[in-house]
Protein chains: 2
Amino acid sequence: MSAIHKFKNRDGGFCWDGVEIQHYSTEQAAKVTKQVLIGARDGAGNFEMRYFELVPQSRTSLDQHEHDHGVMVVRGRGKVRINEQQSEIEYGDVVYISANDLHQFANDSEEPFGFICIIPPKS
Amino acid sequence: MSAIHKFKNRDGGFCWDGVEIQHYSTEQAAKVTKQVLIGARDGAGNFEMRYFELVPQSRTSLDQHEHDHGVMVVRGRGKVRINEQQSEIEYGDVVYISANDLHQFANDSEEPFGFICIIPPKS
């Protein structure tokens with residue numbers, strides 16, 4: 001069913017009405033958060049839109065999997081590793097990560113680093 | 001293949017390296033633009049990420065189709081109609097538009113109104 005999730009910049013934190021803030025993994029529990037902005041809750045079966053945020057001096061795990069990612073940076077700046085290539089990315093930059101490419105996001109800055117991440121339905 | 005499209009806020013206009021600015025339809029040619037940020041050019045077959053921008057006092061066509069949309073406002077403010085419901089939306093707000101819901105975006109403001117729009121692959 002169609003839905004609107006209003007954006008709330010609460011105490012400097014990015015969050016949205018009706019969206020739970022989840023921890024990304026146990027290893028980085030206090031450092032990386034995930035919010036599913038559009039997904040199964042909305043009846044969306046064709047894609048998911050998620051928001052990830054990394055506190056300063058943190059990184060996501062080094063991942064490699066069959067689904068691809070569409071990313072747009074919406075907060076701060078960080079780095080993305082794709083296979084052996086490291087790139088600096090910042091507000092507005094768009095990243096496409098192909099299926100099976102090794103990838104990792106890192107925040108070496110002193111500010112939060114946040115990005116939208118699209119995935120197809122996981123099979 | 002994985003790719004990075006750097007964001008350029010050129011003369012106040014949103015654009016990205018390697019991304020063409022297209023006109024949305026002949027009717028609104030000078031008023032609504034579309035940029036495919038992630039799509040077939042990148043080898044992305046599971047979803048498209050597009051950026052739409054409406055100049056002040058313009059609107060998209062009233063659409064209804066089988067594919068759903070995932071939207072995030074990234075510039076200014078506007079209105080979205082979903083079926084008979086009109087809602088004000090602004091920076092950061094997320095909208096999910098289900099398959100077959102009637103929908104239209106409008107900019108009644110004096111500033112550009114821009115949003116990211118995700119679609120599944122068109123069959």
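I began with the open space: about 220 Å³ lies in the second largest pocket. For my own reference, a pocket is an open set of points, on a 1 Å grid over the protein atoms alone, with protein on both sides within 12 Å along at least five of seven lines. A cavity is a set of points where a 1.4 Å probe fits but cannot get out, and lining residues have an atom within 4 Å of a point. Grid points are joined across faces, edges and corners, and a volume is the space filled by probe spheres set on the points.

Ground rules first. I am reading a predicted model, where local features need pLDDT of at least 70, side-chain atom pairs count only at pLDDT 80 or more, and totals for chains, interfaces and linings use all residues. Residues are numbered from 1 along each chain as its sequence is written, chains are lettered from A and ligands numbered from 1 in the order in which they are written, and side-chain values use heavy atoms, with hydrogens and water left out.

**Entry 1: confidence**

I looked up the scores before going on. Chain A averages a pLDDT (the predictor's confidence in each residue, from 0 to 100) of 93, and 95% of the residues score at least 70. For the complex, the predictor gives an ipTM of 0.93 and a pTM of 0.94. I keep one caution in mind: where pLDDT is low, the predicted coordinates should not be read in detail.

I find 14 residues in its lining, and A:Y24, A:R50, A:F52, A:D63 and A:H69 lie nearest its centre. The elements giving two or more residues to this lining are β6 (48-54), β12 (103-107) and β13 (113-119) of chain A. Strands here are DSSP runs (E, at least two residues) and helices are runs of H or I with at least four, numbered from the N terminus. I count the classes as 5 nonpolar, 5 polar and 4 charged. Nonpolar covers Ala, Val, Leu, Ile, Met, Phe, Trp, Tyr, Cys and Pro, charged covers Asp, Glu, Lys and Arg, and the others, Gly among them, are polar.

Then I turned to the largest pocket, with a volume of about 260 Å³. Of its 18 lining residues, B:Y24, B:R50, B:F52, B:D63 and B:H69 are the closest to the centre. In chain B, β4 (22-23), β6 (48-54), β12 (103-107) and β13 (113-119) each give two or more residues, and β13(B) has the largest share with 3. By class, the lining of the largest pocket has 6 nonpolar, 8 polar and 4 charged residues.

How many cavities of 30 Å³ or more does the whole structure hold? My search of the whole structure gives 2. The largest cavity has a volume of about 40 Å³, and its lining consists of A:M72, A:V73, A:V74, A:Y91, A:G92, B:F7, B:F14, B:W16 and B:V74. β8 (69-75) of chain A and β3 (13-16) of chain B are the elements giving two or more residues there, and β8(A) gives the most, with 3. This lining has 8 nonpolar residues, 1 polar and no charged.

The second largest cavity also holds about 40 Å³ of space. A:F7, A:F14, A:W16, A:V74, B:M72, B:Y91 and B:G92 line this one, and they divide into 6 nonpolar, 1 polar and no charged.

**Entry 2: aromatic rings**

I followed A:F14 and A:W16 from that lining into the ring pairs. Rings of Phe, Tyr and Trp (its six-membered ring) pair if their centres lie within 6.5 Å; planes under 30 degrees apart are stacked, over 60 edge-to-face, and the rest tilted. I get 20 aromatic pairs over all chains. The centres of A:F14 and A:W16 are 6.4 Å apart with planes at 85 degrees, so I log the pair as edge-to-face. A:F7, A:F14, A:W16, A:Y51 and B:Y91 form one aromatic cluster.

Are A:F14 and A:W16 buried or exposed? A:F14 is buried at 11% relative accessible area, and A:W16 is buried at 4%. My cut-offs are under 20% for buried, over 50% for exposed and partly exposed in between (1.4 Å probe, protein chains only).

**Entry 3: two loop residues**

A:Q57 has phi near 60 degrees, sits in the loop between β6 and β7 (58-59) of chain A, and is partly exposed at 43%. A:N100 has phi near 70 degrees, lies in the loop between β11 (94-97) and β12 of chain A, and is partly exposed at 42%.
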